[in-house]
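Thank you for making time this morning.

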2 protein chains.
Amino acid sequence: MAKIKNSANGTKKETILEEAARLFYEKGFSATSMRDLAEQLGVEAASLYNHIHSKSEILKGICFRVAEAFMTRMEQVEMNNETALKKIEGLIRFHVQQMIHEYEYVHVSDGEWKHLAEPYLTEYQAQRRSYRKRFAALIEEGIRENQVKDIDPPTAVLIMLHAVGGIESWHRSKRKITAEQLEENMVTILVQGLCRNDQIK
Amino acid sequence: MAKIKNSANGTKKETILEEAARLFYEKGFSATSMRDLAEQLGVEAASLYNHIHSKSEILKGICFRVAEAFMTRMEQVEMNNETALKKIEGLIRFHVQQMIHEYEYVHVSDGEWKHLAEPYLTEYQAQRRSYRKRFAALIEEGIRENQVKDIDPPTAVLIMLHAVGGIESWHRSKRKITAEQLEENMVTILVQGLCRNDQIK
């Protein structure tokens, strides 16, 4: 029987997460068994357990990898010296890119995090809340800077985050615009939708 | 044992659909049994079967009720004499209102339609596709009328439809803005996001 291959960044655990994200995306977390995963990897279930102890541990790996990527980007964005509107644009571009290139990870973490075991469930929810609050704070900053319309910041955040979720349909669509065009369309509609009319260049 | 009550519009079937939409929303279609539904209605399962033959028939009722509401509104919007941008605004307002006031129906039909039995599955998918195409055609009309930015219409449709899906978080949010404020915020961001900058009044 084959061995688990090392992933591009060199770890077997990474290979397992990648394959698991694909399976969870296709079948759902609940309907996927460790046996399914072993089969997909072409190894014995016992060999899988040398690297990972449970399905729940895999889900934790996927969810926190995604959360960490977004939190890291949020920190970078908050620290740069651009206007609030540019910061918001940067975040939207990052969301779009993650939805395009890390789609299975993002989709699984967004849809399946409720299956996380404690204490990870609580920690993950706290990170989600924190991320949304910081996003809303950037929108508030934009309103104070007279760049962004006088809208409700949490509502704007939910519009932004759900709108990029629509990239799910893009993945399934046959007649596709390019990833770059998709990103530009998203920015055009969403960032200019936020922007005060007298601020559009 | 109690009898199934007539709904506001007078039918027992309507009462069953309403209660089922609530249950499917809370537990998911697959996890809800006819027994759960009978219990919720406070009647014997046998009495339920006098009015409805299967869970699948209930789902069909829910999905096509929602589809019909949107298709009817689409027809009204297409026939009125307003500009394309006003038509788009009308549709977005309708989506927001449906997401606020008919939330369980919309959520269940959006999330569970894959469980429809044939030929309803095929018919429902055809209606969804048709609705999105007609929505995209209105955006194209707006581009031709020089009101809407030169964006990809199907991408704009997916942004709009997913953005209003964000109202799910609004329902669960503790610190809520009013339904009217939510609608105005959605229109401000989404319609002005589409609108050409030289067209904003």
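This is a predicted model: local features need pLDDT of at least 70, side-chain atom pairs count only at pLDDT 80 or more; totals for chains, interfaces and linings use all residues.

What rotation, and what shift along its axis, superposes chain B on chain A? The answer is a rotation of 180° with 0.0 Å of shift along the axis, giving an RMSD of 0.0 Å, where copies are superposed by least squares on the C-alpha atoms of residues with pLDDT of at least 70 in both. That is therefore the relation of a two-fold axis.

Residues are numbered from 1 along each chain as its sequence is written, and chains are lettered from A and ligands numbered from 1 in the order in which they are written.

Of the residues of chain B, B:G193 comes closest to the rotation axis, with its C-alpha at 1.7 Å. Between the chains, 27 residues of chain B are in contact with 27 residues of chain A, contact meaning that the C-beta atoms of two residues, placed from the backbone, lie within 7 Å. On the chain B side, α8 (153-165), α9 (167-172) and α10 (179-194) each supply at least two residues, and the largest share, ten residues, comes from α10(B). Helices here are DSSP runs (H or I, at least four residues), numbered from the N terminus. By class, this side has 14 nonpolar, eleven polar and two charged residues, with Ala, Val, Leu, Ile, Met, Phe, Trp, Tyr, Cys and Pro counted as nonpolar, Asp, Glu, Lys and Arg as charged, and the others, Gly among them, as polar.

Let me turn to chain A by itself. Its domain assignment, which is automatic or from a database, gives domain 1 (1-53) and domain 2 (55-199), and the centres of these two domains, taken over C-alpha atoms, are separated by 28 Å. Their contact takes eleven residues from domain 1 and twelve residues from domain 2. On the domain 1 side, helix α1 (residues 12-27) of chain A gives the most, with seven residues.

Finally, in chain B, B:A21, B:R22, B:F24 and B:Y25 in α1(B) meet B:E104, B:Y105, B:H107, B:V108 and B:E112 in α6(B). The residues of that contact divide into five nonpolar, one polar and three charged.
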